[in-house]
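The following paragraphs lead through a protein model, from individual contacts to the overall fold. Please keep the structure in view while reading.

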Amino acid sequence: MAGRPREFDRDKALKQARDAFWRRGYEGTSMADLVEAMGIASARIYAAFGSKEALFREAVLLYEAKEGGFADRALEEDSVRDAIESMLRAAVETYTAPGKPHGCMVVLSATNTSRENDAVSEWLAEHRRARTAAIVARLRKSVKGGELRADADIQALGDCFATLLHGLSIQARDGVPKKRLLAMIPTALQPLEALIVPPSKRA
C-alpha cells in the first residue's frame, strides 16, 4: 500500500515557481519545468494552486510584495528627487541581484503570448500601467506641495521614468553590468532636477 504523500512547504514551492516564471516567462515555463523547480508532482501543484495561470498570478503577487516592491517603498521618500533616485537605484540592485533571475518579472514574463494567454498578458500590462500611475501620482504630489514647478509636464516625466524602469529590466536581462546601469542614473535625473523649485522660493 502506497504511503501518504510527503507534505511540502507551500511558501517555498511558490518561491521556486516564481523564480522559474521570472527566469523563462509564463509560456516558456512548462509544467515539467515547474515540477522540477518545485520538487512536487503536477497533480499536487494543481491541487495546491488550481492551475498554471493561478500559480503564475500568485507568483507575480509574491514578487511584487517582495523583490518587486522596491518602487512603492522608494516613492515614499520625502524628497521627490530622493524618491526617484532611490527607485532607480533599487531597480538596478533588484534586476542584477546575484542568485536571482535578472530583470523585472512583471516586465519580462509575458510581453508576447499566444491568443489563449491574452488574459495573462493584459493582467501584467495593468500592473505596469499601475506602476506608471504611481510614479505620476508621486510627481503630482510634489507639484501640489511646491517642490516641483507648476508648469511641469508630470505625465511626460512619469512616462519617462516608467520607460526607464522597463529599459533597465531589458538591459539587466541582456547582461549589462550593474556598474553601467548605476552610472546612467545621474543623467536620468537631470530633467527632474531642472524642475525642482529651490526651498527659498517655495510657498
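**Aromatic pairs, helices and core**

Phe70 and Tyr95 are both buried, where buried means under 20% relative accessible area, exposed over 50% and partly exposed in between, with a 1.4 Å probe and protein chains only. The model is predicted: local features need pLDDT of at least 70, side-chain atom pairs count only at pLDDT 80 or more, and totals for chains, interfaces and linings use all residues. Residues are numbered from 1 along each chain as its sequence is written, and side-chain values use heavy atoms, with hydrogens and water left out.

The protein contains eleven helices and zero strands; helices (H or I, at least four residues) and strands (E, at least two) are DSSP runs, numbered from the N terminus. Its C-alpha trace spans about 80 × 30 × 30 Å along the principal axes. Of the 203 residues, 43% are buried. A contact is taken as heavy atoms within 4.5 Å. Among contacts between residues at least 6 apart in sequence, 69% join residues at least 24 apart.

Helix α1 covers residues 10-24, and its 15 residues should span 21 Å at 1.5 Å a residue; the end C-alpha atoms are 21 Å apart, which agrees. The expected span is 1.5 Å times one less than the number of residues. At the start of α1, a side-chain oxygen of Asp9 comes within 3.1 Å of the backbone nitrogen of Asp11. This is a polar contact, that is, a pair of N or O atoms within 3.5 Å; within protein, one must be able to donate a hydrogen and the other to accept it, and residues adjacent in sequence count only if both atoms are side-chain atoms. Just after α1, Gly25 adopts a positive phi of about 85 degrees. The buried residues of α1 include Ala13, Leu14, Ala17, Phe21 and Trp22, and also Arg18 and Asp19. Their cover includes α2 (31-38), α3 (42-49), α4 (52-65), α7 (105-108) and α9 (154-173).

The record lists "domain: HTH tetR-type" (unreviewed entry) at residues 7-67 and "DNA-binding region" (unreviewed entry) at residues 30-49. UniProt positions are given in the numbering used here, feature names are shortened, and annotations may be inferred rather than shown by experiment. Residues 7-67 are 74% helix and 0% strand, with end C-alpha atoms 27 Å apart. For residues 30-49 the corresponding values are 80% helix, 0% strand and 15 Å.

The aromatic residues come next. The whole structure holds five aromatic pairs; rings of Phe, Tyr and Trp (its six-membered ring) pair if their centres lie within 6.5 Å, and planes under 30 degrees apart count as stacked, over 60 as edge-to-face and the rest as tilted. The rings of Tyr26 and Phe56 have centres 4.9 Å apart and planes at 55 degrees, so this pair is tilted. Tyr26 lies in the loop between α1 and α2, and Phe56 in helix α4, 30 residues apart, so the pair links distant parts of the chain. Tyr26 counts as buried at 5% relative accessibility, and Phe56 is buried at 0%. In the pair of Phe70 and Tyr95, the ring centres are 5.8 Å apart and the planes stand at 80 degrees, so the pair is edge-to-face. This pair also links distant parts of the chain, with Phe70 in helix α5 (residues 70-74) and Tyr95 in helix α6, 25 residues apart. Phe21, Tyr26 and Phe56 form one aromatic cluster.

Asn117, in the loop between α7 and α8 (118-144), is in contact with Tyr26 and Glu27, leaving aside neighbours within four places in sequence. Asn117 counts as buried at 14% relative accessibility.

Ser169 counts as buried at 0% relative accessibility. Its side chain reaches the backbone nitrogen of Cys104 at 2.7 Å. Apart from neighbours within four places in sequence, Ser169 is in contact with Tyr95, Gly103, Cys104, Val107 and Leu108.

In soluble globular proteins, nonpolar side chains tend to be buried together. Here the largest nonpolar core has 60 residues, and those with the most contacts inside it are Ile84, Met87 and Leu88. Helix α6 (residues 80-95) gives the most to this core, with eight residues. A nonpolar core is a set of buried Ala, Val, Leu, Ile, Met, Phe, Trp, Tyr and Cys residues joined through side-chain atoms within 4.5 Å. Not counting residues up to four places away in sequence, Met87 touches Phe70, Ala71, Ala74, Leu75, Ile135, Phe161 and Leu165.
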